[in-house]
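Please keep the sequence and the model in view while reading.

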Amino acid sequence: MIFAIGKLRNKRRAFTLVELIVVMVMMLVVMAVIFPALKGFFRGRNLDNEARQFLSLTRYGQSRAVSEGVPVELWINPKQGSYGLQALSGYSETQTNAQRFTLDDTVKISFSAPSAVLVRSNYWTQASGQFGAVTKIRFQPDGFISDTSPENIFFRQGDGSEVWVGEAPTHLQYEIETGHYHH
């Protein structure tokens, strides 16, 4: 009898192979249901991050133009999925300090042409219109955005998710257009 009680104490409970397989199948089903929602969440985060980084670069470019007293251009190349910022050379002895950014592979960038070109009486606005695959946003030393700059920049991802960065009516800055934000 003592031998039988000792034998029962030494016997440990363990999961059977069937129980482990059932648990693994349940985990796979739960992950299959949750994964599409998480995929959309992370895709939206990439889109938001790219638009916010671009918006920050517009603000930096504008403040740099005003502080250095030279035009600064933010160029956009949709075909290469890149954009960058540099001060225009030839206006002073300022270094251009060019910066280049590459978009996440899942995000596409495009822009709209300016709707009307109204030339202000300012020497710095005498920039040629932007044509072709690359466009430029020109920040003037007086704080304004050149009339030849695109009014809207579009960031698109996957199934139609998009964010617009548009020029404010004051021509003083760009902002994320909440009315055109789609997920």
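The structure is a predicted model, in which local features need pLDDT of at least 70 and side-chain atom pairs count only at pLDDT 80 or more, while totals for chains, interfaces and linings use all residues. Residues are numbered from 1 along each chain as its sequence is written, and side-chain values use heavy atoms, with hydrogens and water left out.

**The sheet**

Helices (H or I, at least four residues) and strands (E, at least two) are DSSP runs, numbered from the N terminus. Two strands are said to pair if DSSP finds at least two bridges between them. Four strands form an open sheet in the order 3-2-1-5, and their pairing is antiparallel. Its edges are strand 3 (99–102) and strand 5 (135–139), each of which pairs on one side only. On average, and with direction ignored, neighbouring strands of this sheet are turned by 15 degrees against each other; the axes used here are lines fitted to C-alpha atoms, for helices over the stretch in contact, and angles run from 0 to 180 degrees between N-to-C directions.

Five bridges join strand 5 to strand 1 (residues 72–77) in the antiparallel sense. Leu74 stands opposite Ile137 of strand 5. A residue is called buried under 20% relative accessible area, exposed over 50% and partly exposed in between (1.4 Å probe, protein chains only). Strand 5 is largely enclosed by the rest of the structure, because four of its five residues are buried.

**The aromatic rings**

Rings of Phe, Tyr and Trp (its six-membered ring) pair if their centres lie within 6.5 Å; planes under 30 degrees apart count as stacked, over 60 as edge-to-face and the rest as tilted. A search of the whole structure finds four aromatic pairs. Two of the pairs are given in the table.

| Pair | Centre to centre | Angle between planes | Class |
|---|---|---|---|
| Phe54 and Tyr83 | 5.1 Å | 75 degrees | edge-to-face |
| Phe54 and Phe155 | 5.4 Å | 65 degrees | edge-to-face |

Phe54 belongs to helix 2 (residues 17–68) and Tyr83 to strand 2 (residues 82–87), so their pair ties together parts that are 29 residues apart in sequence. Phe54 is buried at 0% relative accessibility; Tyr83 is buried with a relative accessible area of 0%, and Phe155 is buried with a value of 0%. Ring pairs link Phe54, Tyr83, Phe101 and Phe155 into a cluster.

**Further residues**

Gln157 is placed in strand 6 (residues 152–157) and is buried, with a relative accessible area of 2%. Its side chain is joined to that of Thr106 by a polar contact of 2.5 Å. A polar contact is a pair of N or O atoms within 3.5 Å; within protein, one must be able to donate a hydrogen and the other to accept it, and residues adjacent in sequence count only if both atoms are side-chain atoms.

Ser63 is found in helix 2 and counts as partly exposed, at 40% relative accessibility. Although Ser63 and Pro141 are 78 residues apart along the chain, their C-alpha atoms are separated by 8.7 Å.
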